[in-house]
Amino acid sequence: MLIRKYYKPVSVSDEEQQLYEAVAAEAAKLQAPVYLVGGHVRDKLLQRESKDIDFTVVGDGPQLAEAVGKRLGVSVVTYKNFGTARLQYHDFIVEFVGARRESYRPASRKPEVQAGTLMDDLARRDFTINALAISLNADDYGMVLDAFDGLGDLERRLLRTPLDPDITFADDPLRMLRAARFAAQLDFTPLVEVRQAMRNNAERIRIVSVERITDELNKMLMAPKPSIAFDLLFKTGLLQEVLPELALLYGVEHIEGKGHKDNFYHTLQVLDQVARRSDHLWLRWAALLHDVGKYDTKRFEKGKGWTFHGHEVVGARKVEAIFRRLHLPLNEPLKFVQKMVLLHLRPIALSKEEVTDSAMRRLLFDAGNDLEDLLILCESDITSKNEKKVKKYLENFQLVRRKLAEVEERDRIRNWQPPVSGEVIMKTFGKPPGREIGIIKEAIREAILEGKINNTFEDAYAFMLQKAAELGWEPVTKN
Ligand code: ATP
Ligand code: MG
């Protein structure tokens with residue numbers, strides 16, 4: 001039963017007010033009841049920012065959108081196949097759709113859609129907190145319509161489905177990922193029945209398109225505490241479906257009384273620590289995947305204990321396979337995540353005493369402009385149950401940061417450009433481009449990184465002459 005409730009008034013900007021008035025006036029003319037619905041209502045009541053506004057019309061959505069567009073002087077895009085229409089007003093993306101009823105047939109992924117009542121429309125939604133409506137109609141303007149005690153769940157911070165969760169998730173399995181995402185994004189708790197239904201239906205996630213899945217994974221990663229989502233996915237068996245490589249990191253093995261860290265929960269801790277320090281999506285992906293190579297490289301070495309030699313190299317390879325499977329971008333983002341995974345052990349290695357400046361220069365060179373992100377990842381990778389140890393490691397890490405800054409200040413390696421270019425080498429010796437030019441260039445770079453010569457034109461030029469002499473080359477012009 002739809003229950004009308006007064007709720008604490010929500011704050012509305014001038015632009016929103018103008019939009020609501022236009023929608024209410026045009027809907028009244030068309031005699032089509034209209035409601036604010038879905039995520040926008042939820043976010044308003046939670047006082048979260050939201051720029052997507054959805055209206056459900058008991059009637060023709062596109063027709064109302066056209067009338068509102070005209071009144072506000074903005075253009076409308078109509079998607080005839082879906083019976084929806086969209087317009088932009090200031091920075092709000094506004095969508096209109098007719099109230100609908102959906103019925104799912106087990107044989108088909110797509111529901112059959114028919115026009116329905118407001119109640120039908122709210123009942124097909126995923127969670128009670130997303131099934132609230134606010135009326136824009138004269139007789140109950142501004143009241144919240146609550147059919148499933150969504151308001152109560154907002155107060156209690158619970159995720160509950162309007163109908164039987166097993167049916168809700170079987171109908172559209174993406175809803176299970178949305179549950180994990182809302183759990184992390186809003187810090188809400190799914191009911192036990194909801195978690196059980198996720199477990200029951202986990203395998204059905206296979207019928208969902210990879211783009212929809214990846215979209216949700218990205219949103220989980222951008223949550224304030226992403227581990228909430230990934231822990232829930234793991235405990236319900238969904239992670240084993242969508243990111244099995246990560247699920248394999250779970251567990252601790254003991255041999256000769258020696259155990260190793262649980263690399264799954266370690267990863268989640270690193271991810272949360274990165275999330276506290278940075279909102280860079282791809283750095284968060286790097287945190288999620290930084291140890292994926294540990295499953296394949298785990299060994300027990302007698303007298304030494306557990307090792308994961310080369311896990312950064314194996315991990316970087318796995319990152320590519322995962323990016324391909326999830327249709328994540330294969331250009332800069334993939335390169336960045338691979339670079340982070342490959343280099344993630346390097347800064348911590350510099351906290352040992354006796355570290356040479358050349359090791360510092362090599363890291364500055366290899367990390368380049370991504371140095372700060374790498375340092376954030378590496379600092380976040382410090383986890384231990386022993387708080388004293390963590391404190392000590394973090395202090396050592398500050399030392400690494402300072403030393404790196406000093407070396408960079410002096411040697412300018414981060415955006416290193418060869419002080420003597422290939423063109424200069426070719427001109428000096430009258431040689432065409434070729435392998436030998438590359439050899440000389442590389443020798444100059446190595447000499448600078450090793451600290452044998454300074455990072456200056458004079459030093460590099462003299463060094464070039466010397467190297468070329470070893471090849472039996474003579475300068476064609478003296479200068
Ligand atoms: P966000 O905009 O942050 O992704 P949202 O809840 O607003 O979150 P949208 O995709 O914008 O999600 O959808 C708007 C509303 O449509 C939701 O609040 C919900 O009521 C409904 N909805 C969206 N996706 C589903 C789904 N897969 N199953 C059932 N209802 C859904
Ligand atoms: Mg939305």
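Modeller: Happy to! A residue is called buried if its relative accessible area is under 20%, exposed if over 50%, and partly exposed in between, using a 1.4 Å probe and protein chains only. The model is predicted, so local features need a pLDDT of at least 70 and side-chain atom pairs a pLDDT of 80 or more, while totals for chains, interfaces and linings use all residues. Residues are numbered from 1 along each chain as written, chains are lettered from A and ligands numbered from 1 in written order, and side-chain values use heavy atoms, without hydrogens or water.

Now to the rings. Those of Phe, Tyr and Trp (its six-membered ring) pair if their centres lie within 6.5 Å, and planes under 30 degrees apart are stacked, over 60 edge-to-face and the rest tilted. That rule gives 14 aromatic pairs. One of them joins tyrosine 250 to tyrosine 265: the ring centres are 6.1 Å apart and the planes at 80 degrees, so this pair is edge-to-face. Tyrosine 250 sits in the loop between helix H12 (244-247) and strand E13 (254-255), and tyrosine 265 in helix H13 (residues 263-277), so the pair ties together parts 15 residues apart in sequence. Helices here are DSSP runs (H or I) of at least four residues and strands (E) of at least two, numbered from the N terminus. Both tyrosines are partly exposed, with a relative accessible area of 46% for tyrosine 250 and 29% for tyrosine 265.

Tryptophan 285 and phenylalanine 323 form another pair, with centres 6.1 Å apart and planes at 65 degrees, so it too is edge-to-face. This pair links distant parts of the chain, 38 residues apart: tryptophan 285 is in helix H14 (residues 281-289) and phenylalanine 323 in helix H16 (residues 311-325). Returning to the tyrosines, ring pairs gather Phe234, Tyr250, Phe264 and Tyr265 into a cluster.

Strand E13 leads on to a backbone detail. In the loop between E13 and strand E14 (258-259) lies glutamate 256, whose phi is positive, near 50 degrees, though the residue is not glycine. Most residues other than glycine have a negative phi. Glutamate 256 is exposed, at 54% relative accessible area. Glutamine 47 also has a positive phi, of about 55 degrees; it lies in the loop between helix H2 (39-45) and strand E3 (52-57) and is exposed at 70% relative accessibility.

Helix H7 (residues 174-186) packs on helix H8 (residues 192-201) at about 135 degrees, with the axes 10 Å apart. Axes are lines fitted to C-alpha atoms over the stretch in contact, and angles between N-to-C directions run from 0 to 180 degrees. H7 is therefore oblique to H8 (under 35 degrees is roughly parallel, over 145 roughly antiparallel, 65 to 115 roughly perpendicular, the rest oblique). Met176, Ala179 and Ala180 of H7 meet Ala197, Met198 and Asn201 of H8, where contact means heavy atoms within 4.5 Å. Finally, aspartate 411 in helix H21 (residues 387-411) is buried at 14% relative accessibility. Leaving aside neighbours within four places in sequence, aspartate 411 contacts Arg361 and Asn455.
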